[in-house]
Amino acid sequence: MADQKAILKAGDKEIELPILSGTAGQDVIDIRALGKHGYFTYDPGFLATGSCESSITFIDGAEGVLLHRGFPIDELARDASYLEVCHMLLHGDAPNKEEYEEFENTIKRHTMVHEQIHMFFHGFRNDAHPMAMLNGTVGAMSSFYHSDLDVSNFDMRVRCAHRLIAKMPTLVAMCYKYNIGQPFVYPRNDLSYAANFLNMMFSVPAEDYKISPAVERAMDRIFTLHADHEQNASTSTVRLAGSSGANPYACIAAGVASLWGPAHGGANEACLNMLEEIGSVDRIPEFINRAKDKNDPFRLMGFGHRVYKNHDPRATVMRESCHEVLKELNVQDPLLDVAMELERIALEDPYFAEKKLFPNVDFYSGIVLKAIGIPTNMFTCIFALSRTVGWISHWHEMMSDPAQKIGRPRQLYTGHTQRKYTPIK
C-alpha cells in the first residue's frame, strides 16, 4: 500500500510522505503527518483531498465508469432491482435468492410510519416546499426510536438503515399528498418498492390506481441510478455529521439539507426549468446558438457532467426507460416535444460531441418524472429517497471503522492578529 514516498520541500525542510494505492483509481499522498511539521494543506472544496477510505462506490469520470461494490451501474439498472442494489450497498455484496427475500421482507415490514408523524405534517403550511417537510420529518424520526440509537451497536445501526430505506418513500409521498390536499395513502406490502411508492403518490380512496409496468420499471431505475455517487457534497455532509456520533436520522436529515442546494440535487429540476424557458420546438435553434456563445449566460442544463468527462454511464439506461415511458403513456406535452427534439439535435451536432455535452441522467430522469405527473418541486425529494441508501451505507461503513475520528477541517486564517480591545463606554 505504501511502497512509494513523496518528498515535500518546505523551506529548508524535506518531509517524507507515504503514497497509498487503492484497488482502483488515483494514488493518494498520505499527508496526516504534515501537522507535526507545522503545515497542513489548503484545498477549497476538497477537490484534491481524500477524506476517507471506502469500498462502496468507485467513479472514473474520465472513462465514464461508475461501480457499486464492483458492479457496473448500467448492468445493475438493467438486471437488478433497486432493493438488490440497496442490499449490496449496505451489506457489501449482491444477495442470493434467500438473502434478497429476507431483505425485501424486512424492508416491507418497516414501510409504515408512526401515526403521530401525521401530526408533524399538519404543523407545516400546505404550500411548504416538500424538501422542507422531508428534512423536518426525517430528523424527527429519531424521537420515535430513541431507545435504538446506540451508534456503536452494529445491529441497531442496521435496523436504523432498514427503517430509513423503508420509510423514506412513505415520507416523500406524504409530502406530496400534503401539498395537494389529498389524504395520506398507507403503504402496501403486496407491491414492489417502486410500485408501492407510485401507489402512495397517485392513488386516492375513491378509486383504484393502475400502475403501468413501464412506469414502475422506470421509477425503479431512477432509484437505482441515483442510489450512490461516492463522496459528493451530501454524502460527505452525512459522514461529517455522523463523525460526531450524531444519530443516523439526524445525519440523513443533514444529507437532505445538503442535497436541497440547487448546485447538487436540483439538476433535473433545472433541466425542466430550462425546457420551460425554451417553450417550443421552433425556438430550439435560438437556444442552441446561445449555448454555443461563450458570452451568453444561457447554459444547456442536463447536458455534460462535472464528474463524467466522457459520458454519464447512467444516461444510456435512463434514455431507454425515458423513451419507453413516453411511448406507453403517449403524453401530449409541448415540453416533452422540446426535450426530445433537443436530445436529437444535441446527439447529432458535432459541437456537442466535441465538447462531450451528451444528455446526462438528470436530463432523462427529469423528462420521465414530468411524464409520470410528478411536479418539479418533488424531484429533489425523489433524489433524496433514492440516495438514502447511499448515505446510510457510507454512515454505517464509517461507524464500523475503529479508526474513525470526528471531522475537523483546518483553515487558512486571513483575519486580524491579536489586538487590544477598547471598551465601548
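## Helices α5 and α17

In this predicted model, helix α5 spans residues 130–140 and helix α17 spans residues 379–399. Their axes come within 8 Å. They cross at roughly 30°, and the crossing is right-handed.

On the α5 side, the contact is made by Pro 130, Met 131 and Leu 134. On the α17 side, Thr 380, Cys 381 and Ala 384 meet them. By class, this contact has 5 nonpolar residues, 1 polar residue and no charged ones.

## The buried residues of α5

Which residues of α5 are buried? They are Pro 130, Met 131, Met 133, Leu 134, Thr 137, Val 138 and Ala 140.

The buried residues of α5 pack against several helices. Helix α17 is one of these partners. The others are α4 (117–121), α6 and α10 (248–259).

An α-helix has 3.6 residues a turn, so residues three or four places apart point the same way.

## Helices α6 and α7

Helix α6, a partner of the buried residues of α5, covers residues 154–180. Helix α7 covers residues 193–202. The axes of α6 and α7 come within 8 Å and cross at roughly 20°. That angle makes α6 roughly parallel to α7. Their crossing is right-handed.

From α6, the contact draws on Ile 165, Pro 169, Thr 170, Val 172, Ala 173, Tyr 176 and Lys 177. From α7 come Tyr 193, Phe 197, Met 200, Met 201 and Phe 202. The residues of this contact divide into 10 nonpolar, 1 polar and 1 charged.

How many disulfides does a search of the whole structure find? The search finds 0. Take Cys 86: the closest cysteine sulfur, in Cys 160, is 16 Å from its own, so the two are too far apart for a bond. Cys 86 counts as buried, at 0% relative accessibility.

A disulfide needs the sulfur atoms within 2.5 Å. Cys 381 is buried too, with a relative accessible area of 0%.

Conventions: Residues are numbered from 1 along each chain as its sequence is written. This is a predicted model: local features need pLDDT of at least 70, side-chain atom pairs count only at pLDDT 80 or more; totals for chains, interfaces and linings use all residues. Side-chain values use heavy atoms; hydrogens and water are left out. Buried means under 20% relative accessible area, exposed over 50%, partly exposed in between (1.4 Å probe, protein chains only). Axes are lines fitted to C-alpha atoms, for helices over the stretch in contact, and angles run from 0 to 180 degrees between N-to-C directions. Helices (H or I, at least four residues) and strands (E, at least two) are DSSP runs, numbered from the N terminus. A crossing is left-handed if the near helix is turned anticlockwise from the far one by less than a right angle, and right-handed if clockwise. Contact means heavy atoms within 4.5 Å. Ala, Val, Leu, Ile, Met, Phe, Trp, Tyr, Cys and Pro count as nonpolar, Asp, Glu, Lys and Arg as charged, and the others, Gly among them, as polar. Angles under 35 degrees count as roughly parallel, over 145 as roughly antiparallel, 65 to 115 as roughly perpendicular and the rest as oblique.
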